Amino acid sequence: MHNNNEYDLIVVGSGAGAMTAAITAADQGLSVLMVEKTAQYGGTSALSGGGIWIPNNHYFKAIGGNDSEELAWTYLKAAVGDRVDERRLRTYLHKSPEMIAWLEDNTRVRYAVAEKYPDYYQHLPGALPGGRSLDPELFDLSQLGDELGNLREGAPGNMLMGRIAWTARDAHKAMSKSRGWRLMVLWMMLRYKLDFRWRRKTGSRRDRRTALGNALVASLRASMMDRNIPLWLNTNFTDLVIEDGRVCGIQVERAGRVEVLRARRGVILGSGGFEQNQALRDKYLPKPTKAAWSATPAGANTGAALEAAQRIGAATDLMEWGWWAPSLLVPGEDRARGIFAERAFPGAIVVNGLGQRFVNEAAPYLEFVDAMYRNNEQTGGKCVPAWAIFDSHFRFNYAMGPLMPAQIMPDMRLRKEWLNNLYYKADTLDALAGQIGVDAAGLKATVEKMNGYAATGDDLDFARGGNVFDRYYGDSNVSPNPCLAPIGKGPFYAMPMYSGDIGTKGGLLTNEHAQVVREDGSTIDGLYAIGNTSASVLGTTYPGAGGTLGPAMTFGYVAALHLASAVQQREMAA
């Protein structure tokens, strides 16, 4: 076992990938320490939707779903192309179903298949209309005991009314206004309201249940506690320790002191990307770029692990890419809010400064911001921010970021500081265009064109609502196209959307075992990288919901098994 700050494995970071690695390694008989820079564990995973994209998973098969590794390979290869080493892609496809089945059998992690959540690129061969994205089940926070206070709270935008836990499946039912959605929402509100005992005990408004990424992190943390795996918070990783060309530990700052922590077998870097480091954003990402536009926690992911590995010769890839997601800046909130579902709701459009649409609003979020950047370049800087435009009919029926539908949250109940900041409002489109500096004639022409498309159900410019992914968040009661409705009833609204992200996509280049490699392809002995610390196995694409966490957890599992097998081989040789 360990002594004097010496362990078999040290894991840097406390997101879902890092925790999966720690639990896997512990179950292989290794002593493990996890270190986390901030005062709370969970990282960006705790704020996420918690979905994992796992092709050929056992949950889908159990309900009669039809998928295979070959079919998934056809789709993944069509999406990713030659941008990523095929051995890494093959490992992901082969090991991800094994990883989630192992977690289900050995930990408190529980998932269900989101059978209606489609792959993002429906036009590609091998795409499925659902079944590859998995959604965490609700988790009872009382299982965490005293560790509940150290869990990073979920994002308000991921909860009903900003505080009530619901699964992605529940959220889809409500947003698409599917049959029975009102009763479901009423039941959830009552369940929350009547749980007096929990709120008295905790002294907070927090729901007893948690969902999405928060449920995933909580279930992983409880599983770590079952194994007595130590987690040190407020422990800032500053550098790697190298001896004889091998990584054998890390240097940290803890309680005002510099400490060296020894790792006999290796170090796994799982501490996220560099999106909160403005200098690194300026160096690598497309312009304009601001850390404030990221939907991740301020100060959390600053690229320390990336820079430490670069200092010892690690190769990098995809550094100019993020996991893009358009975002809103909500006054008083400590981070931007990603906008995922709302762009598909009928009756809202997104335009540039010329008043023109530039993309299918319901497109996957990575492609949406990529289109924003391209249009910004084409128009000489007139697409960041872009503007979401909608009328009072949309405002009454649908949410847009923190603006709940007016039937629940009328304008008079909105915070005063939001007006002319988070949202703008005017009686006419011309007046609205004047307020936000958008070309009025261009906006009017775009709205007239869109109203025609809403009548026919056919978006001749960008085919919005033309595939099962677009329609996932459309209003099932609207026809002929659930993603299109006219814009005509004043007052009119506008909200600025920025080129945000939910993390960076580029990072340390790794092989199929998650080992960090140098430019010549040789491995750095004892060093592994997973999640957003590593260059994405999915290249420049986002094939389905859970495309960040699925690979992070899979390669956390792969790294731990590889490290443990190397230990066993050494012991046998000795």
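**Briefing: loops, sheet, voids and a salt bridge**

Met 161 sits in the loop between β6 (139-140) and α5. Its phi is near 60 degrees, a positive value in a residue other than glycine. The model is predicted: local features need pLDDT of at least 70, side-chain atom pairs count only at pLDDT 80 or more, and totals for chains, interfaces and linings use all residues. Residues are numbered from 1 along each chain as its sequence is written, and side-chain values use heavy atoms, with hydrogens and water left out. Helices (H or I, at least four residues) and strands (E, at least two) are DSSP runs, numbered from the N terminus.

**Cis peptide bonds**

- Val 384 and Pro 385 are joined by a cis peptide bond, with omega about 5 degrees.
- Pro 385 belongs to the loop between α11 (365-378) and β17.
- The bond from Gly 490 to Pro 491 is also cis. Its omega is near 0 degrees.
- Pro 491 belongs to the loop between α15 (468-471) and β19.

**Sheet and helix**

- An open sheet of four strands runs in the order β16-β17-β19-β18, with antiparallel pairing. Two strands pair if DSSP finds at least two bridges between them.
- β16 (348-351) and β18 (424-426) are the edge strands, each pairing on one side only.
- From one strand to the next, the twist averages 25 degrees.
- β16 and β17 (residues 386-391) run antiparallel and are joined by four bridges. Ile 349 has Ile 389 in β17 as its bridge partner.
- Helix α13 (residues 429-436) lies across β17, β18 and β19 (492-497). Contact here means heavy atoms within 4.5 Å.
- α13 runs at about 145 degrees to β18. Axes are lines fitted to C-alpha atoms, for helices over the stretch in contact, and angles run from 0 to 180 degrees between N-to-C directions.

**Cavities**

- The whole structure holds three cavities of 30 Å³ or more. On a 1 Å grid over the protein atoms alone, a cavity is a set of points where a 1.4 Å probe fits but cannot get out; lining residues have an atom within 4 Å of a point.
- Grid points are joined across faces, edges and corners, and a volume is the space filled by probe spheres set on the points.
- The largest cavity has about 140 Å³ of space. Its lining has 19 residues, with Gly 531, Ser 534, Ser 536, Val 537 and Pro 551 nearest the centre.
- Helix α16 (residues 549-573) gives the largest share of that lining, three residues.
- The second largest cavity has a volume of about 100 Å³. Among its 13 lining residues, Phe 340, Arg 343, Ala 362, Phe 469 and Tyr 473 lie nearest the centre.

**Second largest pocket**

- This pocket has about 200 Å³ of space. A pocket is an open set with protein on both sides within 12 Å along at least five of seven lines.
- Its lining includes Tyr 117, Arg 169, His 172 and Tyr 472.
- α5 (168-175) and β4 (111-113) each supply at least two lining residues. The largest share, three residues, comes from α5.

**Salt bridges**

- The structure has 31 salt bridges. Each is a side-chain nitrogen of Lys or Arg within 4 Å of a carboxyl oxygen of Asp or Glu.
- Asp 8 and Arg 264 form one, with their closest N and O atoms 3.1 Å apart.
- Asp 8 lies in strand β1 (residues 6-12) and Arg 264 in strand β11 (residues 257-269), so the pair ties together parts 256 residues apart in sequence.
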